[in-house]
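Student: I have a protein model open and would like to learn how to read it. Could we go through a few features together?

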Amino acid sequence: MRAVLASGTDVAGIGETVLTVALLVLVGIGAIPVMAGLAQFLVIPLHAVRNHYRETGPYLPNVAVVIPAWNEAAVLPLSIERLMGLDYPPDRLRVYVVDDASTDDTPAVLADCAERFPGRVVHLRREQGGQGKVHTLNHGLREILADDWMEALLIMDAGVVYEPASLRKMTRHLADPTVGAVTAYIREGSRDPKG
């Protein structure tokens, strides 16, 4: 039996209406991130019309590539080989592999890479590992920043393989002084990397 106020208003009906409105508000709030993502996706085509390419151009800063690695001996040779083969001036590219106390052949692989590419591949070993990727990256960044050589920084995972023009395409955006960071389109790469 429903309670009815003296004026004839149904109390249970008011409660249901308030609950319905509250739930609709929560659904609306939950939809905000979805709508924001959709809006960004729909704005992408405008980049072809309004972009900063007039302020960019060939720009080849000294790039330090930081690769945090733990037991990555299987993938590091290909990644480093591809980095060394980028269409980028060799004297402007250094690869710093921050070895998080690997227990596999990572140190031997890096010694071989450093020998093949002297001065361009640097092995930074952490004797105490297992503290996470952030500690590993920070260790590498401290070493790199101690030297005043770097003008741009690329952080990548050990298994990433870039196409030859990738770095040039990324650094050209840094010629625009209003750009502080650049990211690349990453495509799943389990297919033959030489293909």
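Predicted model: local features only at pLDDT ≥ 70, side-chain atom pairs only at ≥ 80, totals over all residues.

Student: How does the lining of the second largest pocket divide by class?

Tutor: The lining has 12 nonpolar and 2 polar residues, with no charged ones.

Student: Let's turn to helices. How are two packed helices described?

Tutor: One gives the angle between their axes and the distance between the axes. Here, take α2 (residues 76-84) and α3 (residues 106-116): their axes come within 10 Å and cross at roughly 20°. Angles under 35 degrees count as roughly parallel, so α2 and α3 are roughly parallel to each other. The crossing of α2 past α3 is right-handed.

Student: Which residues meet where α2 and α3 are in contact?

Tutor: From α2 come Leu76, Pro77, Ile80 and Glu81, and they meet Thr106, Val109, Leu110, Cys113 and Arg116 of α3. By class, this contact has 6 nonpolar, 1 polar and 2 charged residues.

Student: Where is Glu151, and which residues does it touch?

Tutor: Glu151 lies in the loop between α4 (133-146) and β4. Leaving aside residues up to four places away in sequence, Glu151 touches Pro61, Asn62 and Arg92. Look at Pro61 in particular: Glu151 and Pro61 are 90 residues apart along the chain, yet their C-alpha atoms are separated by 5.6 Å.

Terms used:
Residues numbered from 1 in each chain as written. Heavy atoms only, no water. Axes fitted to C-alpha atoms, helices over the stretch in contact; angles between N-to-C directions. Helix = DSSP H or I, 4+ residues; strand = E, 2+ residues; numbered from the N terminus. Parallel < 35°, antiparallel > 145°, perpendicular 65-115°, else oblique. Left-handed = near helix turned anticlockwise from the far one by under 90°. Contact = heavy atoms within 4.5 Å. Nonpolar A, V, L, I, M, F, W, Y, C, P; charged D, E, K, R; others polar.
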